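Visitor: I am new to this structure. Please show me how to read its features, one at a time.

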Amino acid sequence: MQFTRYGIYYTPPRGALADFGAAWLGWDPVKGRAVAHPEIAGLPGPVSDLTETPRKYGFHGTIKPPFRLAPGTDAKALATELEQVATTLRPVSLGGLEVTRLGGFLALTVTGPQEALADMASTVVRGLDHFRAPPSEAELARRRKSALSPRQEELLATWGYPYVMDEFRFHMTLTGKLGKRDAETTRTALAPEMQSLLPAPFVVSDLTLVGEDTDGLFHEIHRYSLSG
């Protein structure tokens, strides 16, 4: 399969959380197919509407944001180098995950300190950045619609994304933008459904290389264990 962009994600290992996340969003990046949404009472609207924006990315936490390959590089070299980077990194253990409102959307976020994960993500961003083609003017303009801070502008110019390095905040997106009332209603309905699925501690023990197909849907290419 040909991919237009690549990214490096955390994706949960196969199991109940991964299955629920795929069903909730309606897309399974491992199998590369749509999945029926779960039936959950008390939501402010259909699951398909609540999850339309994040669906194509699959259930994940971003480590290195999606990018087009730079001229002179290829996917095989990217995979080889990511595998090498993974051998230098140790698994990261964090307190746990919880359903929270993050800006205008819902996401799973880390409970407790996450500096170790941020450091690991920064290593990956730096170490593989020579594979990233510069963002287009249209991509830059889209990012700047979010009223970036001066530091975020600097990161965008340097790394092609404003929420890396010291601006990194790990999250696994669950919905698109919601109003405050709908967000709280969704959180109230969703949190109990996910509570028994959320790991404590939350351990990041591998990284996933993903690719975006021509329809804009992301697929798992390969998982790499952190063995440093």
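Guide: Let us begin with a helix and its cover. This is a predicted model. The buried residues of helix 6 are covered by elements that include helix 4 (115–127) and helix 5 (137–144).

Visitor: Which residues of helix 6 are buried?

Guide: Helix 6 spans residues 150–159, and its buried residues are Gln152, Leu155, Leu156 and Trp159.

Visitor: Where do the buried residues of helix 6 fall, seen down its axis?

Guide: The general idea comes from the turn. An α-helix has 3.6 residues a turn, so residues three or four places apart point the same way. Now the case here. The buried residues of helix 6 fall within an arc of 105° down the axis, so they line one face of the helix.

Visitor: Which exposed residues does the face turned away from the buried side carry?

Guide: Pro150 and Ala157 are the exposed residues on that face of helix 6.

Visitor: What follows helix 6?

Guide: Glycine 160 does, and its phi is positive, near 80°.

Visitor: Let us turn to a single residue. Where does threonine 51 lie?

Guide: Threonine 51 sits in the loop between helix 2 (47–50) and strand 4 (61–67).

Visitor: Is threonine 51 buried or exposed?

Guide: Read the relative accessibility against a cut-off. Buried means under 20%. Threonine 51 has 0%, so it counts as buried.

Visitor: Which polar atoms and side chains pair with threonine 51?

Guide: Take the backbone first. A polar atom of the threonine 51 side chain lies 2.7 Å from the backbone oxygen of valine 47. Then take the side chains. Threonine 51 and arginine 55 are joined there by a polar contact of 2.8 Å.

Visitor: Which residues does threonine 51 touch, beyond those up to four places away in sequence?

Guide: Threonine 51 touches Trp24, Leu25, His37 and Leu174.

Visitor: What is the volume of the second largest pocket?

Guide: That volume is about 360 Å³. Its lining has 22 residues, with Ala18, Asp19, Ala22, Asp28 and Val30 nearest the centre. Helix 1 (16–25), strand 2 (27–28), strand 10 (206–212) and strand 11 (218–225) each give two or more residues to this lining. The largest share, five residues, is from helix 1. The classes are eleven nonpolar, four polar and seven charged residues.

Visitor: How many cavities of 30 Å³ or more are there?

Guide: A pocket is open, while a cavity is a space from which the probe cannot get out. The count here is one cavity of 30 Å³ or more. The largest cavity has a volume of about 200 Å³.

Visitor: Which residues line the largest cavity closest to its centre?

Guide: Pro66, Phe67, Pro135, Glu139 and Gly160 do, out of 18 lining residues. Strand 4 and helix 5 are the elements that give two or more residues. Strand 4 provides the largest share, four residues. By class, this lining has ten nonpolar, one polar and seven charged residues.

Key. Residues numbered from 1 in each chain as written. Predicted model: local features only at pLDDT ≥ 70, side-chain atom pairs only at ≥ 80, totals over all residues. Heavy atoms only, no water. Buried < 20%, exposed > 50% of the residue type's maximum accessible area, 1.4 Å probe, protein only. Polar contact = N/O pair within 3.5 Å; in protein donor to acceptor, adjacent residues only side chain to side chain. Contact = heavy atoms within 4.5 Å. Arc of directions from axis to C-beta. 1 Å grid on protein atoms, 1.4 Å probe; cavity = no way out; pocket = protein on both sides within 12 Å on 5 of 7 lines; lining within 4 Å. Points joined across faces, edges and corners; volume = space filled by probe spheres on them. Nonpolar A, V, L, I, M, F, W, Y, C, P; charged D, E, K, R; others polar.
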